[in-house]
Amino acid sequence: MLLMRESYEETAVRTLAEPVQVAPGSIGSIRVLRGQLLRITAQVDGAVASLFGFSLADPAVWLSVHHTRVFSNSYLLGSGMRLVNNRRRPMMVLGKDSVKRHDLLLPASTTAFLRERGYQGEGCLDALRGELARLGMVVPKLPDPINLFMHVKLTREGDILPETNLTKAGDSITCRVVMDTQFIVSACNTGIEGNDRPAPLLLSVAENLHDFNAE
């Protein structure tokens with residue numbers, strides 16, 4: 001599934017975005033063209049990445065965690081799983097994943113939520129709003145994220161229980177992107193116990209897996 005590609009013109013100019021460093025408590029963005037690979041890497045232990053994505057052709061089409069759960073009939077993110085948009089069309093396919101624990105249930109933090117819980121810093125949703133404004137993208141709503149590397153579990157009774165984050169420096173996920181997309185990734189505080197230590201992230205793009213070896 002990692003090799004899945006939607007057809008594109010071989011004569012088209014294929015640009016490759018430069019790697020983006022996302023500092024703890026901040027947000028970063030990177031453009032990925034269909035057929036390219038996106039890798040998100042934790043640079044220190046305990047990192048969490050709140051992932052958002054918007055179609056470059058139509059920002060009203062976004063990566064939807066809700067539709068992804070329904071499309072896959074699962075609240076667990078697994079290898080080969082298609083992550084879909086709010087039109088129920090695939091945007092990316094999860095390939096290599098060294099963590100295999102991610103959250104598809106919890107919403108993004110807000111600055112107000114963090115303040116109520118005694119945290120400092122900007123919330124993920126407020127940071128997303130600012131980054132969209134910087135990029136000049138107008139969207140009809142702010143979607144919930146896919147919370148990469150966040151460790152939570154769902155009990156039989158339906159309780160969502162945060163668990164201590166086990167992500168290590170160098171852990172990463174790699175996805176094949178199948179739609180030209182502006183990805184926005186937050187390293188802001190989630191406000192979720194056990195997953196509440198903002199840590200730096202690296203966003204990188206490649207045409208093929210072996211190209212990442214040059215990083």
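Modeller: The largest nonpolar core has 35 residues, of which Ile40, Leu51, Met92, Ile146, Leu148 and Phe149 touch the most other members. Such a core is a set of buried Ala, Val, Leu, Ile, Met, Phe, Trp, Tyr and Cys residues joined through side-chain atoms within 4.5 Å; buried means under 20% relative accessible area, exposed over 50% and partly exposed in between, with a 1.4 Å probe and protein chains only. The model is predicted: local features need pLDDT of at least 70 and side-chain atom pairs count only at pLDDT 80 or more, whereas totals for chains, interfaces and linings use all residues. Residues are numbered from 1 along each chain as its sequence is written, and side-chain values use heavy atoms, without hydrogens and water.

Leaving aside residues up to four places away in sequence, Leu148 touches Ile40, Val48, Ala49, Leu51, Leu77, His102 and Ile173, contact being heavy atoms within 4.5 Å.

Met92 belongs to strand S6, where Leu83 stands opposite Met92. Strands (E, at least two residues) and helices (H or I, at least four) are DSSP runs numbered from the N terminus. Seven of the eight residues of S6 (90-97) are buried. Three bridges join S6 to the antiparallel strand S5 (82-84), and four join S6 to S10 (172-177), also antiparallel; strands pair if DSSP finds at least two bridges between them. In the latter pairing, Leu94 stands opposite Cys175.
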